[in-house]
Amino acid sequence: MSDLRDTIKQLNSARELALKDPALYPQIVSGVQAVIGPERPVELRRWGADFLAESFASPVVSAEEKQRMCLGMLDLLKSYLNRKEERGEEEDWNVVKSAVQCAASVYPLVFRHTISNADDKETWAKMASMKSSILRRMDTAPGSMRICCIKFVARVVQVQTPGLIADPRRPEQNETSLALVPRDHAIIPPSNLEAEASGLLDRLLGVLQDNIPDALIITATLNALSPLVAKRASISPKILSTVLSYNPLTLANAKMEGKDKIAIKSMTRTTMSFLNNVLKRTQHPALGPRIHQQVERLRHSLTEVFSDQNPLKRPAPDEPTDGLSDDKRQKLDRDAEAGTTPLQQQYPPLPPGPVSLAQLFTLTNDRAAAGFHVEAIPQHFVAQLVPPLLASIDPTQLDAAINVVRARYLEIQRQPPPTVVQTSGEEEDDDYDPMTGFGDAEQAANQIDQLPPLQGQPELAIASFHLPPPPPLTEHERAEYSETAKERLFGALQRLDDEARRQGKKQGVEREKGFNRLAATGGEDRDGWIALLTRLVTRPTFDVNQENDNIKQEGDERSLTKKGQGTIDLPKILREAFHRYIMDDWRRRIDVAIAWLNEEWYADRLLSKQREDEELSLPNYTHLTLSLLDSLIPYLDISDTRHLIRFLSEIPHLPTEIFSRIEKLALDPERVQLCTQTLLYLIMLRPPVREGAVDCAERIWRGNADARASVGGKILSKWRPDVLVEAEEGKLLGEGVKEEG
Amino acid sequence: MASDPRRRPAPPPPAPPTPPAAVADSTIMSLDGTTDTPPRTNGQQQPPKPGEEPDPTSYKLKFCTVCASNNNRSMEAHLRLTTATNAYPTISFGTGSLVRLPGPSISQPNVYTFNNTSYESMYSELLAKDERLYRANGILPMLERNKNVKWGPERWQDWHIGVPRTGKRIATQDGTAESSNGAEAEYKNDKGYLGTESGIVDIVITCEERCWDAVLDDLLSRGSPLNRPVHVFNVDIKDNHEEALIGGKAILELADELNAAAGQARQEEGGGGMNGFDAGDASARAGFDERVPEVLARWQERWPQLPALWSLCWF
């Protein structure tokens with residue numbers, strides 16, 4: 001065994017030498033001939049056959065070289081192929097397979113040799129013997145070997161069919177084919193060989209015509225035929241028409257298993273490749289469209305067969321044979337339940353207790369049918385439906401139904417009529433079904449209408465229900481709730497203020513402002529909320545339960561302090577909160593103050609009207625205005641003229657007490673100018689208070705020496721010059737006194 | 001989420017500890033009922049150490065993985081196949097016209113040419129461009145992995161099938177611009193080099209139907225001069241890092257099963273019954289090639305989310 005291994009090792013290194021330097025091939029091939037002879041062990045013969053096949057196929061060895069080499073090898077090859085005849089024992093098929101491959105490579109070489117050496121009968125005889133040996137066994141050989149035989153045959157056909165002669169002057173350049181053989185060749189008469197080739201071709205094509213399911217043989221044949229189509233124009237139409245009529249998909253059926261599927265797919269794809277290759281390489285004006293068509297058809301069928309893993313045919317619908325499928329069974333059950341089958345025509349009894357008209361006439365247990373509201377059908381349809389329906393009804397059945405209803409009705413009449421309460425109680429009973437109860441309330445009412453008048457029934461009266469009064473609020477609780485209410489109101493305002501500040505001036509929506517706006521829209525923006533707040537603050541003074549005279553009595557402090565409710569006064573709290581709110585940022589909130597005071601004034605006016613006062617009294621307004629002004633005055637700056645003027649000009653009414661405040665303000669020499677301008681404004685643009693303002697100016701002039709120049713020059717000189725004149729006189733007098741004194 | 005889900009978490013483990021081949025073997029045995037034949041002994045599964053000859057009696061299929069740019073899916077599979085306990089001879093290719101890697105936006109991909117750009121140069125270029133971006137989208141980790149697997153991306157259509165892959169790469173032999181940094185780029189530095197010297201594989205696995213079509217079309221156009229059968233599989237894998245990882249695992253599993261089937265077929269022959277060319281009963285002992293559809297179907301049942309295709313082609 002180790003001997004054998006060493007030998008193979010040596011053979012391998014020899015082969016490597018040849019692979020590295022192809023020029024060594026002849027030397028090595030003849031050198032190993034003795035080692036791989038028929039008497040040697042099977043391993044060496046295998047190696048030898050493989051090596052020979054490889055050597056004669058090698059593209060790096062020239063054809064002439066191979067042709068010279070092959071002559072010495074024919075005996076060896078023949079011994080491999082004909083071992084049984086020569087030695088009486090069967091050859092290893094691996095050896096034979098390689099030998100057949102080798103023979104396919106050698107055949108053209110020997111053929112060519114024979115062409116040029118017409119007297120070398122012996123060589124051709126050896127080749128012919130091998131050929132007949134291969135052909136004889138081709139059809140019975142196992143697949144592995146058969147494909148090699150097929151290839152050999154294809155090669156023989158290629159050689160024994162006339163090919164193109166590219167250059168007649170240089171025969172060594174031409175491809176080996178029958179065209180090179182002289183017509184009168186002694187050993188290889190061309191006509192015989194061509195006939196043989198034709199027969200062999202038929203044998204090859206038979207594989208396709210028989211449509212055998214062996215993918216190995218089919219693909220091997222197709223791939224072996226391809227060079228014939230390309231290089232042998234004389235036989236290519238025959239091959240092509242055979243391939244075109246070959247359709248491996250006819251083997252496809254619903255019960256394909258994995259192996260068959262792959263085999264059929266592979267055969268089809270190989271056929272398509274074959275045809276595409278032909279289409280690409282050669283121009284067949286006649287067959288071109290047909291080839292194209294066939295490729296497309298194969299592609300379509302292939303996707304159809306293998307697209308969805310489904311069998312070719314849709315399976316029969318899964319239907320029970322006894323006609324008792326679940327659907328039908330359910331239907332029968334439903335019939336039985338509803339009692340609509342004629343055999344079991346039993347009308348259900350009426351439910352216990354009071355019944356509706358619908359229940360009275362319901363003769364089926366089928367809830368869906370009983371719950372169907374016939375008004376859902378348009379009237380004209382009903383008109384069309386009823387006559388044929390009536391005509392088709394079995395009269396006996398109709399009579400029976402009528403009798404049942406009649407019996408039911410009589411039965412009901414005998415029962416005492418139900419009460420309203422009972423009826424409504426039954427409606428909501430355990431068996432309530434929204435489907436059947438459709439329209440029951442109305443029908444119950446109808447039924448009651450038809451019943452005889454109620455007699456002897458106990459009168460049903462619904463006693464009025466009173467919630468127990470809540471425990472009275474304690475003082476502390478009231479204060480707490482008032483505070484909470486205030487905080488919530490002003491908390492919202494604070495939030496809206498913040499929002500308004502954030503949004504700045506870009507408030508897109510122009511809203512109705514001032515008195516005209518609806519307080520009810522409040523809450524969405526600051527203005528709205530202020531409107532709401534001002535009205536909330538001012539209006540509670542109208543207590544609905546309050547008597548007019550009460551108001552009279554209470555005067556300024558009238559609102560909630562009455563009835564001994566203690567010191568908690570929500571409007572007062574709210575007003576204080578408002579006051580604080582304005583004072584927090586009075587320059588900016590002066591508009592709020594004005595709006596608020598306007599509301600106060602209006603409320604007071606309304607109240608005054610309500611009380612039918614002889615003269616207008618504005619208790620709240622006056623008090624609040626003055627207190628607000630008192631709070632403002634300490635903060636008024638010389639630059640705040642604008643704010644003071646605005647405040648005083650826009651509040652609806654100026655109580656006379658205001659001027660005393662202005663007088664006091666003028667005591668501050670810095671703010672004299674402020675007072676002067678304010679007074680001037682009031683004098684000029686608010687005629688109702690002009691008199692008071694001028695009086696005020698005069699008082700200032702008289703009492704305040706520092707303010708004299710300003711007030712006198714701007715106001716009194718125009719509006720009360722007589723004072724100035726008087727003063728001038730007095731002054732002169734005074735001076736005179738001084739001088740005198 | 002702490003990390004980008006598309007991001008490759010870490011360089012893949014050099015050798016997954018689970019031996020999927022054993023699992024695959026058990027299914028094969030149970031299905032075929034041929035439990036009397038041990039598939040392969042553990043000794044045979046030892047990956048050959050570098051510089052040591054592989055066990056001549058062990059049989060290994062040669063694989064080729066193919067995707068669009070020979071960067072993500074095919075390279076993940078390449079790595080998986082070559083770092084498994086039973087490492088396979090593997091090469092890999094891309095079928096696209098150019099190597100396209102995601103760039104800062106979908107309309108600005110990073111484009112490189114096949115065959116003469118190394119993963120190393122791409123890596124250093126993208127590292128210089130925007131390390132944060134390319135690390136975040138997983139490109140740099142991917143290239144880092146790739147440059148440890150082989151020198152650079154190769155284009156399927158430019159592959160000279162059957163030309164020995166020995167010595168230096170063609171691009172560097174030509175003495176092109178890459179010669180300075182690619183002078184040392186030899187085929188034998190690629191992972192899974194042992195066994196691919198002859199430039200031929202037994203199994204091609206593409207990662208996208210487009211690539212499968214391209215491979216088939218290319219093989220048909222080449223005219224199959226080598227007369228050698230090759231199984232071309234497609235395993236549909238979405239082109240992202242996560243799917244590539246899953247796909248790599250699935251491909252390794254498929255490879256293990258295919259290899260087990262091939263080894264079994266070979267052993268049955270070599271071991272006893274001379275079921276050969278003249279055997280009348282073909283179905284009694286199936287060769288490797290006939291077993292392929294079954295193996296694939298079984299695999300597909302376990303990986304239904306990776307739709308497979310297959311065809312027997314000729315080199």
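**Figure 1. Chain B at a glance.** Helices here are DSSP runs of H or I with at least four residues, strands are DSSP runs of E with at least two, and both are numbered from the N terminus. Counted that way, chain B has ten helices and seven strands. Keep in mind that this is a predicted model, where local features need pLDDT of at least 70, side-chain atom pairs count only at pLDDT 80 or more, and totals for chains, interfaces and linings use all residues. A few housekeeping points: residues are numbered from 1 along each chain as its sequence is written, chains are lettered from A and ligands numbered from 1 in the order in which they are written, and side-chain values use heavy atoms, with hydrogens and water left out.

Of the 315 residues in chain B, 57% are buried; buried means under 20% relative accessible area, exposed means over 50%, and partly exposed is in between (1.4 Å probe, protein chains only). Chain B exposes about 12400 Å², with carbon and sulfur atoms supplying 54% of that. Such areas come from the Shrake-Rupley method with a 1.4 Å probe, and for residues only the protein chains shown count as cover. Take the contacts in chain B between residues at least 6 apart in sequence: 76% of them join residues at least 24 apart, a contact being heavy atoms within 4.5 Å.

**Figure 2. The five-stranded sheet of chain B.** Strands of a sheet pair through backbone hydrogen bonds, either parallel or antiparallel. In chain B, five strands line up as β2-β1-β5-β6-β7 in an open sheet with mixed pairing; two strands pair if DSSP finds at least two bridges between them. At the edges sit β2 (90-94) and β7 (308-314) of chain B, each pairing on one side only. From one strand to the next, the twist averages 20°. Zoom in on β1 (residues 63-67) and β5 (residues 203-206) of chain B, and you'll find two parallel strands joined by four bridges. Here Val66(B) stands opposite Thr206(B) in β5(B).

**Figure 3. Two asparagines with positive phi.** Most residues other than glycine have a negative phi, and most peptide bonds are trans. Asn70(B) has a positive phi, near 55°. Look for Asn70(B) in the loop between β1 and α3 (73-83) of chain B. Asn115(B) also has a positive phi, near 70°, and belongs to the loop between β4 (110-112) and α4 (119-136) of chain B. Buried or partly exposed: what is each of the two? Asn70(B) is buried, at 0% relative accessible area, while Asn115(B) is partly exposed, at 27%.

Figure 4. The size of an interface is often given as the accessible area lost when the parts come together. Chains B and A bury about 5300 Å² between them, 57% of it on carbon and sulfur atoms; this is the accessible area (1.4 Å probe) that the two parts lose on being put together, summed over both. Chain B brings 56 residues to the contact and chain A brings 62 residues. In one spot, helix α10 (residues 215-231) of chain A lies across β6 (229-235) and β7 of chain B, at about 50° to β7(B). For such angles, axes are lines fitted to C-alpha atoms, for helices over the stretch in contact, and the angles run from 0 to 180 degrees between N-to-C directions.

**Figure 5. Salt bridges between the chains.** A salt bridge here is a side-chain nitrogen of Lys or Arg within 4 Å of a carboxyl oxygen of Asp or Glu. There are five salt bridges between chain B and chain A. One of them pairs Lys280(A) with Asp217(B), whose closest N and O atoms are 2.1 Å apart. Another salt bridge brings together the side chains of Asp213(B) and Arg269(A), 2.9 Å from N to O. Asp213(B) lies in helix α8 (residues 209-222) of chain B and Arg269(A) in helix α12 (residues 258-281) of chain A, so this pair joins two chains. Asp213(B) is partly exposed, at 29% relative accessible area, whereas Arg269(A) is buried, at 10%.

**Figure 6. Salt bridges within a chain.** Over all chains, the count is 48 salt bridges. Asp139(A) and Arg203(A) form one, with their closest N and O atoms 3.5 Å apart. This pair links distant parts of the chain, 64 residues apart: Asp139(A) is in the loop between α7 (121-138) and α8 (143-159) of chain A, and Arg203(A) is in helix α9 (residues 190-209) of chain A. In chain B, Arg135(B) forms a salt bridge with Glu144(B), at 3.7 Å between the closest N and O atoms.
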